[in-house]
Amino acid sequence: MIGRESERETLSAFVSNSGGQALTLRGETGVGKTALLDHVAQLAAREDHRVIRAAGVEAESDLPFAGLHQFLYPLLSHIDRLDDATRATFDVVFRRSEDRPPSVMTLAIAVLDLLSLAASQKPLLLVVDDGQWLDTSSAEVCGFAGRRLAGSSVKLVIGLRSDIPSRFDTAALPELHVPPLSEPDAEKLLDTHHPGLEPQLRRVVLDEAQGNPLALLELPPFLSAGRTGRGTEESSGYRGVPLPRRLQHVFGTRIKDLSATVRAELLRGALDGVEAGKGTGRIGGGTRYRMMDADEAAFRGLLDIDPLSGDFVFRHPLVRSTVVQLATPNERRAAHAALARVHQDDIERHATHLAASTVDPDERVAAKLEAAAGSATRRGGALAAMAWLTRAAELSEDREDRSRRLGDAAFIAGHAALLEQAQRLVHSDVVPGRNESPSSTVTASYLALYQDGDVRSSRRQVMAAIETMRENGVDGPDEVLTRLVNLLLAICQYASDPASWQETRELLGSLGELVPPRSLVYRDAWSDVVRHGAGLRERVERALAGLPHLEPWEVTRLGVAAYHVDVLNQYRPYLQRTVDREVETGATSSGMTMLHLIMLDQMTVGEWDEAERTGRRGLELATTHQHALFAHHSRAYLALLAAMRGETDRARELQAVVDAWARPRGVGFLTQIADAVGTIAALSEGDYETAYLYAIGITPPGSFEPCAHQAPRTLLDLVEAAVHTGRAEQARRHAVAAREAGLPGISPRLALITYGALAMTAEEEKEAAEMYERVEALSAEAGFPFELARIRLAHGIRIRHSQGPKAARPMLTRAAESFERLGAAAWARRARAELRASGMSTPASSAHLASLTWQEHRIADLAASGLTNKEIGERMHLSPRTVSSHLYRVFPKLGITSRAALRDALGKTPVDREV
C-alpha cells in the first residue's frame, strides 16, 4: 500500500486495542476505503482474530435484514447455544418463524449476545464495505450494537461513501476520514502501476485524478487509447464532471466493447447483488447468481476472481452500477426474469425480480408481491412492504384487488407517519364516477384526523363506510372492517362527544360478532370508564397477556386502555423497549403514541424530569412528521406537567396553543386536558376560585359528565378547589358521587383520590380518619405520589386543626418531602408554610428568595417590619393596590400564607437596607 501512513497507524491501534469498539471509514468513491478494509482485515487475522466480512449492495437495500444475514450465517453454529428467547429472535430474522418482529433494541441485544459468545473463543472483527447500501434494519442493528461493544472482544469497521447519505450518518460511531492521496503519493502510485507515461499524459492523469487511487489506476489506459496527438483538454474530454461520473464513463467504454452474452451475464450479476472486490465472497446467506464464462470482462479489468469462493466478482461497486445504467429496459427485464427463476425458493427475492420483469397487469405476480409484503411486515420491514404492495396494486388485474392493496399500502404509510405518501396512495385509488373504497376511506379519514384534527367529517365518512359494508354483507371477520371500526373509536375518543359515542355504540351493536373482542375493550375504555369501567381492568389485562405477539397498533390501543384504568405502569418497560424499534423501522405513529403513554406513566409515578424529556421527544417527532394532532397532544401533556411543577407561565402558554387549535375543531379530548391544565395551574398558585371555574368546566359538581375522560381524573382537583372557596356542600356532593359511581372499583388511582376526597369533605372525624386510613393502605402499592402528597397535606392541615400542631408535623413533613422530591415547587412551599404554622422552623431556601424580584423582595422586607400597605406605598411611590398585588405573588413564592410569617421566611433580614 502506497501512502496512508496516518490511516494505517489508526487502524493498527484499532486492532491492537484490547477492548471492543467500532469505527467508520468515510471517503469519496474510489478513494481506497476497500483497500484499507482489506488492510485492517489482514492485521486482525495476524492478531488471531476471526474476520467476517459483509458488503452492502444497492440491489438488496430494500430487503429487510439482507446485510445482517451476511454476518449471522457464519455464526449459525453458535445460535443453538443461546437461550430460547434469543434463538426465537433469530428465527424471525431468518424467516423460520412468523412471530412478531423483534425491536431494533431486542435484535441488537441478541446480536451482541451472539457476537460475545462467538468472540469467547477468539476475538472477532466484523468488516462492512459499502455500508451506505445496507438495508435499514441491518444498519440500525449495526449502529445500535456498534455503540455497545466496549468490554467485549468484538470490533466493527464500516466503509461508507461520503456522497451518499446512510443510516450510519446519525449512528454516532467514531469516524476516520479517508482523504485523497497526497501529491507525492499519487505520483508514486501512478508511476508504480503505469510506468513510462509521457509527461503530458502523466500530468493530465494527475490533474484529473486529484489523488483518487481508483482514477489513478483506471484513467491512463482510457486516456492513452486512441488519443495520440490530441491536446490536454481534448484528451480528458470532461473537465468539471464529478469524478465518479468520469470513472463510470471509463468503465462504460469497456463494458460496451464486451459481447452481448457477457454483458447480459454481468447484468444478471449486478441486479442480483454480486459482490465487488476480492475476499468478500458470501458464506451461506442463500442462493446467489454465479456469473459464468465472463473471462472477457475479467481481461478488461471489470471483474476479479474471489480467492475464497472462486467466483467472479465485480472489481469495484462503480463497475456494477455502470453495468445496470448502460442496460436497456428490455435487457433489465430479461435479466430480472432469469433471476426470478433462480430465486424460486426465496419469497421476497423471487417476487421482487418477478415484478421488475413484468410490464402488464398480472395477478399471479401481484399475489406473490403481496405475499412478500406480508413476509416483510412480519420481520419488521414496513417500508419494503409498502413499496411491494404499491407495485402489487399496479400489477393487479381486478379493480377491487388493486384498491385493497393500495389501501394496505396507505395504511402502512399512515402508521409510518408518511402522511404525504399515504395521501398520494389514496388519491391514486380514486376513479371518477365511483364511490371511494372502504380501504381508501380508512386512510383518507386517518389523514383527516391526524393531520388536521378533523373529528366531524372523518367520523361521518367512516360510519358511512361501515354501514355500506354491513349492507353489502360481510362474511366473517374482515380486516378492512376492523380497521374502520377501530378508527371510528379513535375519532370518537378525540371528539369526546356523548352523542357520537351513542351512535357508535349502536352501529357496533348492529355488527354483532363482526366486531373483534379487542375493539369492544377499546370502546369501553376510551369512551367512559365511569359508566363502563366495571370489570374493564381485568379485560385489559387479559388482552395484554399476549403482548409480545401483538401488532404495534394493537399494543398502543391497549396501552391507551390501560392508561384509562391506571394499570399502564406494568407495561411501560415493554413500551420503552419497543418504541425505538417502532420509530426507526417506520411505524412512527405507533411510536408517537407509545411516547405519550411512557410520558403519562412517568408523570404518574413521579419521574417528572424523564417525562419532560419524553414529551419533548414526542413533540419533536410529531412536528417533524407534520402530525398536527399528535403535536398538540404532546403539548397538552407538557402543559399538564408544567402546571404540576408550578411552572404556571409555561403551562398557560402551552394551554393556550392547545385550546386555540382544538376547541374550534371539536377535539374535546384535548380541550378537557387544557381545562385540567388551567385547574392545576390555578391550584399551584393558590388561586382556588379560578381552579374551581376550570374544574366545573370539565364536569359539574355531584356528577360525572358522560364521555369526558378528565371528569373522574380531576375529582380531587374539583373537591380541593371547592373546599378552599367555601363550597363545602358541592365538594361533599362530588366526593359522594364518586363513591356511588363505583370509582374505587375501576382503578387504583380512582380509589386513592375517591377516598382522599371523601376524607377531605367528611364532617365527622371518624369518617375522615377511616378514609385517610384507606388512602395510606393504598399508598404502598398505588404509586401515585403527587395525588398522595396532596391528600397527606390536607390530612396534616386537618390534624393541626383537630389535634394540635405537634400531631400534624409527621404528616405535613411527609407531604413536604414528597413535593420536594417531585419538583412540585409551589406545593412544597405550601407544605412548608403549614409546617411553620405547626411550629417547625423551615426558612426559605436561597433558591426561593432568588425567585423574588428586587421590588418584591423590598416590599416583603418592609411588610415584615410591620409597615402597612399604605406606608410601603408611600416609601416606594406605589399605590396600596400595587403593593397588595406584589405581596399576593410573594406569599406563594415563599411558601407562606400571612404577613406574620414574612420575617421567618426571609430569614430575619434587615428592616430596611437603605435606612
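**An open sheet and some ring pairs**

Okay, let's start with the sheet: five strands make an open one, ordered E2-E3-E4-E1-E5, with parallel pairing. Strands pair here if DSSP finds at least two bridges between them, and helices (H or I, at least four residues) and strands (E, at least two) are DSSP runs, numbered from the N terminus. At the edges stand E2 (50–55) and E5 (175–177), each with a single partner strand, so one side of each has no neighbour in the sheet.

Before I go on, this is a predicted model, where local features need pLDDT of at least 70, side-chain atom pairs count only at pLDDT 80 or more, and totals for chains, interfaces and linings use all residues. Residues are numbered from 1 along each chain as its sequence is written, and side-chain values use heavy atoms, leaving out hydrogens and water.

Back to the strands: E3 (residues 124–129) and E4 (residues 154–161) run parallel, joined by five bridges. Leu126 stands opposite Leu156 in E4.

Now, how many aromatic pairs are there? Rings of Phe, Tyr and Trp (its six-membered ring) pair if their centres lie within 6.5 Å, and planes under 30 degrees apart are stacked, over 60 edge-to-face, the rest tilted. By that rule, we get nine. Take Tyr494 and Phe669: their ring centres are 5.5 Å apart and the planes sit at 65°, so this pair is edge-to-face. Tyr494 is in helix H24 (residues 479–495) and Phe669 in helix H35 (residues 668–685), so the pair ties together parts 175 residues apart in sequence. Ring pairs also link Tyr446, Tyr450, Tyr494, Phe630 and Phe669 into a cluster.
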